[in-house]
Amino acid sequence: MALATVWNYCVPLAIITVACLVRTARCQAVQAENVTVLEGGTAQISCRLQNYDGSIVVIQNPRRQTLFFNGTRALKDDRFQMLLFTPRLVRIELTNVSVSDEGGYFCQLYTDSTHHQVATLSVSVPPETPTVEVKQEAVEGGEVELTCMSPRSKPAATLRWIRNGRELPGVVSQQDNAKTFSVSSTIRISVERKDNGAALSCEAFHPALGGQKRIRHYRLDVNFAPTVRIVPPSGILREGDSLSLTCSVSGNPLPRNIQWSKINESLPERAEISGPTFQISRLSQSHNGTYLCQAQNNYGRAADHYTLLVYDPGAVVETHSAVPYAVIGGVLALLVFTVICVLIVTIWCSVRQKGSYLTHEASGLDEHGEVQEAFLNGNDASQGKKEYLL
């Protein structure tokens with residue numbers, strides 16, 4: 001464990017205990033230094049001596065068991081080693097430190113009276129990478145509850161949820177487990193199918209990590225009903241061609257079985273099905289109809305259809321060749337109708353003009369007879385001529 005290395009720091013020295021020897025007017029003093037170390041690491045506990053005259057020095061653990069007596073091991077615990085014993089400094093080492101080793105270690109100096117100083121050993125427990133628990137399955141249109149857990153740390157770790165670079169507020173709970181703490185943070189979020197696979201992370205912060213953090217990444221698993229879409233072929237299908245359809249299916253969980261069928265009929269004998277692919281070779285008009293692709297999972301069912309219409313090449317050519325003749329026939333019929341209408345109008349106008357001429361001619365003869373009669377009767381010819389001259 002990289003972090004399980006020696007991580008000692010000194011706090012201000014504890015109050016100096018002074019043993020004054022009245023007879024010699026000399027004072028002896030002992031100083032103890034507080035130590036903090038990571039669990040699993042190595043701690044060095046030091047007792048500094050002043051004016052040491054060879055008096056007995058005893059080091060005891062928090063349970064007041066004697067570890068060393070004047071530099072000699074007194075407790076059979078191989079994790080403790082005497083590193084240094086001099087008139088100025090006594091130092092012991094404790095390896096593979098655990099939280100049970102935490103507490104005050106006594107540096108005792110025996111003179112006419114017993115004096116001691118306590119070096120406090122603090123053990124820090126950094127959190128492991130947190131875990132994520134899901135209370136129930138996430139279903140489209142519902143909510144999902146996620147809990148990030150750090151089961152053991154000292155002091156208590158700080159947890160936070162992150163999604164798309166933004167913190168999600170969670171409900172934090174903390175439990176004291178003797179000398180360590182368990183911490184959890186719970187969030188509830190609404191989910192849709194577009195959230196399937198969305199990335200979240202739970203981050204754990206702790207003083208012992210030195211500004212680093214433990215991160216647990218998590219991706220949402222949202223369940224939703226399937227969707228089905230048949231990918232149709234391009235172009236016109238003629239007799240003798242091959243048909244290939246692909247059924248594109250999505251869903252979570254992804255449907256395992258895809259069913260092909262033909263509405264109101266059974267599938268053709270030459271139909272071949274391979275998972276999402278449906279094929280028919282050498283098409284004929286007997287294959288015409290509507291084909292169906294269906295898929296389902298635990299959350300629903302979906303289907304899509306494709307209508308096949310096979311064209312006869314001969315019928316297509318005949319249809320296209322008949323179009324120009326129909327147009328020509330229509331134009332000719334219009335021309336004939338127009339000619340007939342012109343002839344009728346012409347004849348009608350001619351007949352009407354001839355009748356008008358005959359009427360005027362008969363009127364002119366009557367006037368000429370009256371002039372002749374007036375001449376024979378001796379009337380004024382010039383007056384009559386003037387009056388009736390045409």
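**Entry 1**

I looked up V97, setting aside its neighbours within four places in sequence, and found it in contact with V37, L38, E39, G40, G41, T42, A43, R79, L121 and V123; contact means heavy atoms within 4.5 Å. I note that this is a predicted model, in which local features need pLDDT of at least 70 and side-chain atom pairs count only at pLDDT 80 or more, while totals for chains, interfaces and linings use all residues. Residues are numbered from 1 along each chain as its sequence is written, and side-chain values use heavy atoms, with hydrogens and water left out.

I then turned to the largest nonpolar core, which has 26 residues; L67, F80, I92, V97, Y105 and L121 touch the most other members. A nonpolar core is a set of buried Ala, Val, Leu, Ile, Met, Phe, Trp, Tyr and Cys residues joined through side-chain atoms within 4.5 Å. Buried means under 20% relative accessible area, exposed over 50%, and partly exposed in between, with a 1.4 Å probe and protein chains only. I found that β2 (26-32), β3, β4, β5, β6, β9 (89-94), β10 and β11 each supply at least two residues of this core. Strands are DSSP runs (E, at least two residues), numbered from the N terminus. Strand β4 gives the largest share, four residues. I also recorded a second, separate core of 18 residues, which includes V228, L237, V249 and L308.

**Entry 2. The six-stranded sheet**

I traced an open sheet of six strands with mixed pairing, in the order β3-β11-β10-β5-β6-β7. Two strands pair if DSSP finds at least two bridges between them. At the edges stand β3 (35-38) and β7 (72-73), each with a single partner strand, so one side of each has no neighbour in the sheet. Within the sheet, I followed β10 (residues 103-110) and β11 (residues 114-124), which pair in the antiparallel sense over eight bridges. There G103 stands opposite L121 of β11.

I looked next at β8 (residues 80-85), which pairs with β9 in the antiparallel sense over five bridges. Three residues make the hairpin that joins β8 to β9, and Q81 stands opposite E93 in β9.

**Entry 3. F68**

I located F68 in strand β6 (residues 66-69). F68 counts as buried because its relative accessible area is 3%. Beyond its neighbours within four places in sequence, its contacts include V57, V58, I59, F80, M82 and I92. F68 and F80 are twelve residues apart in sequence, with 9.3 Å between them in space, C-alpha to C-alpha.

**Entry 4. Aromatic rings**

I counted three aromatic pairs. Rings of Phe, Tyr and Trp (its six-membered ring) pair if their centres lie within 6.5 Å; planes under 30 degrees apart count as stacked, over 60 as edge-to-face and the rest as tilted. The pair of W260 and F278 is stacked, because the ring centres are 5.1 Å apart and the planes meet at 25 degrees. W260 belongs to strand β23 and F278 to strand β25, so this pair ties together parts that are 18 residues apart in sequence. I noted that W260 and F278 are both buried.

F278 also forms a tilted pair with Y291, at 5.4 Å centre to centre and 45 degrees between the planes. This pair links F278 in strand β25 with Y291 in strand β26, 13 residues apart. Y291 counts as buried because its relative accessibility is 0%.

**Entry 5. Cis bonds and positive phi**

I read in general terms that most residues other than glycine have a negative phi, and most peptide bonds are trans. I found another cis bond joining N252 and P253, with omega of about 0 degrees. P253 lies in the loop between β22 (243-252) and β23 (258-262).

N164 is not a glycine, yet its phi is positive, about 55 degrees. N164 sits in the loop between β15 and β16 (166-168), and it is exposed, with a relative accessible area of 70%. R282, likewise not a glycine, has a positive phi of about 50 degrees. I found R282 in the loop between β25 (277-280) and β26 (289-297), exposed at a relative accessible area of 53%.
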